[in-house]
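I opened the notebook to look up charged pairs and the ligand site. The entries follow in the order in which I looked things up.

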Amino acid sequence: MIRTGERYLDDMRDGRTIFINGEKITNHVDHPAFKNAIRSVARLYDYKAEHTDKMAFKAENGELMSLYWQLPTTPEKLIARGQAAYEWARQTMGWLGRTPDYVAAALAGMITHIELFESYSQERADALRNYFSYVSENDLYLSYALINPQGDRSKTPGEHTRNLYHTLGVVEKNTKGIIVRGTKMLATGAVLADEILVGSHKPLKPGIDERYALSFALPLNTKGIKIISRKSYEFGINPKDYPISSQFDETDSMIYFDDVLVPWERVFVFEDIEMIANQLGSTMSEAMMDIQSLARYVAKLHFLAGLAQSMVEVNGVAQIPAVKESLAQLACYAVSVEALFNSVLHCPKVHNGFYLPDKTQLDTYRVLSQSIYPKVLEIIRKLAGGGVLMLPSSEADLENDEILGIIEKAQYSSLVSPVERVRMMKLVWDVIGSEFASRHHQYELFYAGAEFQTLGRLYNQYDWGASKALVEKIKTI
Ligand SMILES: Cc1cc2nc3c(=O)[nH]c(=O)nc-3n(C[C@H](O)[C@H](O)[C@H](O)COP(=O)(O)OP(=O)(O)OC[C@H]3O[C@@H](n4cnc5c(N)ncnc54)[C@H](O)[C@@H]3O)c2cc1C
């Protein structure tokens, strides 16, 4: 089925428990901390429903389904998945990281390697397969919580003997399922999604950490799930002052599981350290998510390049050669990443009859995206100068005739009106300097793992033999 925005908004009224600003709230759909972001997601669903030609496919039963649930059994299906991800990313200019196609891709990447789950446990493989059918048929939106909370990273969770449920772990099992308790560090979009998929990404020690080797999924309104939201960046601000923060704060939350029952049919990995590592490391789960990440990043880089170009035009410096060089650098980043995106879609590797993206290229993307983003921000900051601070404190200043009179003289541009100039500079600050911008900076540095992890993965993935063969060739010349 193709979900509409209206249906999504109705489904979100599910009474989940969210804590923010000292309050426990159960109707977050209309809460000023979340309502705009939720409506941005609703608009994406509407966009999809209105563009099923490029955003949906016909399933075997004749029903239309969202393209991100389609398994890539042909090269064309892989390309269509990437193009649909890019189409959605363009609707938010790349500012929503965890749109519903992100974690859907993680599940798809597990299903392409279902044999791994089958060799581990037929029951758990069936649970995963049935879950995939359920969420795809109902077009549900998932959030993902993998990382254990920081604490003492020199120890594994089970070595914190005085606080065993600092990290989410199993308390007991019974005929119905398992009872889990403890924390997962962050789940981006937990207030926007229907369900949460839980896994584990940090190293675990056999004999000590089995209780943390878990993967399961639950609706976010399940009794005992407590969503502890970080500060909302849309709360209490005027969209005219913060045009991006006010619409696209997808939120990040710590998730606490307060003795939550997970039925067996929702458990995918249970107390198995090898299998929990394989769930991500030996399937295409992360690689399939990276297609969406790449699409989003391309849209964001093009947006930032376009914004920088507009800003220097407004400031009358666009024709200076050094300024053009800075802009060309932004264009270079955007085009390089777009080329990588196209390569990922058009050079698949085949496994089990599925056409899957090349992991080396995706690991390259992860490293590249982390190193590019700070440079992009620095270029735009340098081009912006103090103009992003010579700004009225809020939209209210523009409604005060005395201040407006001064602004109309002071915010001069030969290209746009003073008020348009103010709006442009506020937009620039929102994406390079606001708290939202800072969070995005952190997101690009960490969402795919810390740099030591992304570099480590690329090191392991790269074909060193082929490179060294070239070096050997010199001996034969
Ligand atoms: C905005 C944002 C959104 C996120 N959303 C999600 C989400 O939706 N779901 C989810 O599961 N996770 C999410 N994360 C968490 C993310 O996956 C982690 O931040 C990431 O995996 C790094 O883990 P960590 O934060 O525990 O850092 P740590 O592992 O604690 O590392 C922090 C730093 O310590 C140093 N360090 C630690 N260990 C080593 C080592 N062995 N070698 C070298 N240096 C080391 C490095 O400088 C490293 O950068 C999000 C993070 C951010 C910032």
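Is Asp 252 buried or exposed? I found Asp 252 buried, at 8% relative accessibility; buried means under 20% relative accessible area, exposed over 50%, and partly exposed in between, with a 1.4 Å probe and protein chains only.

Before going on, I noted that this is a predicted model, in which local features need pLDDT of at least 70 and side-chain atom pairs count only at pLDDT 80 or more, while totals for chains, interfaces and linings use all residues. Residues are numbered from 1 along each chain as its sequence is written, and side-chain values use heavy atoms, with hydrogens and water left out.

Entry on salt bridges. Side chains of opposite charge can pair when their charged atoms come close. I counted a salt bridge where a side-chain nitrogen of Lys or Arg is within 4 Å of a carboxyl oxygen of Asp or Glu. The search of the whole structure gave 32 salt bridges.

I looked up the partner of Asp 252 and found Arg 439, at 2.8 Å from N to O. Asp 252 is in strand β11 (residues 252-263) and Arg 439 in helix α16 (residues 435-446), 187 residues apart. Helices (H or I, at least four residues) and strands (E, at least two) are DSSP runs, numbered from the N terminus. Arg 439 is also buried, with a relative accessible area of 9%.

Next I looked up Glu 87, which forms a salt bridge with Lys 54 at 3.3 Å between the closest N and O atoms. Glu 87 lies in helix α4 (residues 75-91) and Lys 54 in helix α3 (residues 52-55), so the pair ties together parts 33 residues apart in sequence. Glu 87 counts as buried at 18%, whereas Lys 54 is partly exposed at 35%.

Entry on the ligand. Which residues come nearest to the ligand? Of the 21 residues around the ligand, I noted Arg 98, Leu 146, Arg 153, Thr 188 and Lys 202; a residue is near if one of its heavy atoms lies within 4 Å. A polar side-chain atom of Arg 98 lies 2.6 Å from a ligand oxygen atom, and one of Arg 153 lies 2.4 Å from a ligand oxygen atom. The protein covers 70% of the 970 Å² of accessible area that the ligand has on its own, by the Shrake-Rupley method with a 1.4 Å probe.

Terms used:
A polar contact is a pair of N or O atoms within 3.5 Å; within protein, one must be able to donate a hydrogen and the other to accept it, and residues adjacent in sequence count only if both atoms are side-chain atoms.
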